[in-house]
Amino acid sequence: RMENGGGRGALIVLEGLDRSGKTSQCARLLSFLQGKGCLAEAWRFPDRETSVGKMISAYLANESQLDDRTIHLLFSANRWEKRNLMESKLLGGTTLVVDRYSYSGLAFSAAKGLEIEWCKAPEVGLLAPDLVIYLDVQPEKAAERGGYGGERYERVEFQKRVAEHYHSLRDSTWKVVDGSLPMETVQEQLRELAMNCISECQGKQLTNLTW
Ligand code: NYM
């Protein structure tokens, strides 16, 4: 069993374009961590289970129309409604492997043309990740992977703009992993990054996003 000495869990976020492989990699990483005896849970944003999440889901499926700023704030609210639970899990020693977070919120909304500073404002005060793993895949390659599911934003031109915004958001917590490498290779890199992060975060306080 991997002991964390009663310390806190790590907040590990996976980011990347649509079809970059985040969801499969998150699932594999979670089983790996649990197999090591580590307390860990997989989370994702949007969390489509809440009432805000249901509005987001309908919007993404093109079943409802919402103004760009309104949907941006709903995505943000969807993170805020989970903030307290997230904090208590982390302080209780559970590591969270999160499929998308604030960076998705900024990169996708900015790709529509919203000002980045405006986009950042509602994200201030959410928990800051200990590690952000960006799965780097060319937009064209991502589109070839079994195609897109037909949700909003799943178009190559749009994804290219999202990639540019992601690029400008990189900070010291980011690690870029080449998502075009074989699944197993990517997973090995994620495992190492995650294990290091979990042991290193022990001595560090949880902080908030400041942007
Ligand atoms: N998305 C996701 C946003 O536009 N803003 C956000 O804050 C978040 C978390 O939702 N195309 C977009 C990115 C995706 C879409 O995500 C749904 P997923 O991971 O396919 O369920």
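Start by selecting the ligand: the space that it takes is the largest pocket, a pocket being, on a 1 Å grid over the protein atoms alone, an open set of points with protein on both sides within 12 Å along at least five of seven lines. This is a predicted model, in which local features need pLDDT of at least 70 and side-chain atom pairs count only at pLDDT 80 or more, while totals for chains, interfaces and linings use all residues. Residues are numbered from 1 along each chain as its sequence is written, and side-chain values use heavy atoms, with hydrogens and water left out.

Next, display the shell around the ligand, where 13 residues surround it, the closest being Asp 18, Arg 48, Arg 79, Arg 100 and Gly 105; a residue is near if one of its heavy atoms lies within 4 Å. By class, this shell holds 6 nonpolar, 2 polar and 5 charged residues, with Gly counted as polar and Asp, Glu, Lys and Arg as charged.

Now select the side chains of Asp 18, Arg 79 and Arg 44 in turn. An N or O atom in the side chain of Asp 18 is 2.9 Å from a nitrogen atom of the ligand, an N or O atom in that of Arg 79 is 2.8 Å from a ligand oxygen atom, and one in that of Arg 44 is 3.3 Å from an oxygen atom of the ligand. The protein covers 94% of the 480 Å² of accessible area that the ligand has on its own, as given by the Shrake-Rupley method with a 1.4 Å probe.

Then colour the helices, which are DSSP runs (H or I, at least four residues). Both α3 (68-91) and α4 (102-111) supply at least two residues of the shell each, and α4 gives the most, with 3 residues.

Move on to the loop between β2 (40-44) and α2 (51-60), where Pro 46 is found; a cis peptide bond, with omega about 0 degrees, joins Phe 45 and Pro 46. Finally, select Arg 19 in the loop between β1 (11-16) and α1 (22-35), which has a positive phi of about 70 degrees although it is not a glycine.

Note on methods
Polar contact = N/O pair within 3.5 Å; in protein donor to acceptor, adjacent residues only side chain to side chain. 1 Å grid on protein atoms, 1.4 Å probe; cavity = no way out; pocket = protein on both sides within 12 Å on 5 of 7 lines; lining within 4 Å. Sits in = over half its atoms within 2 Å of the grid points.
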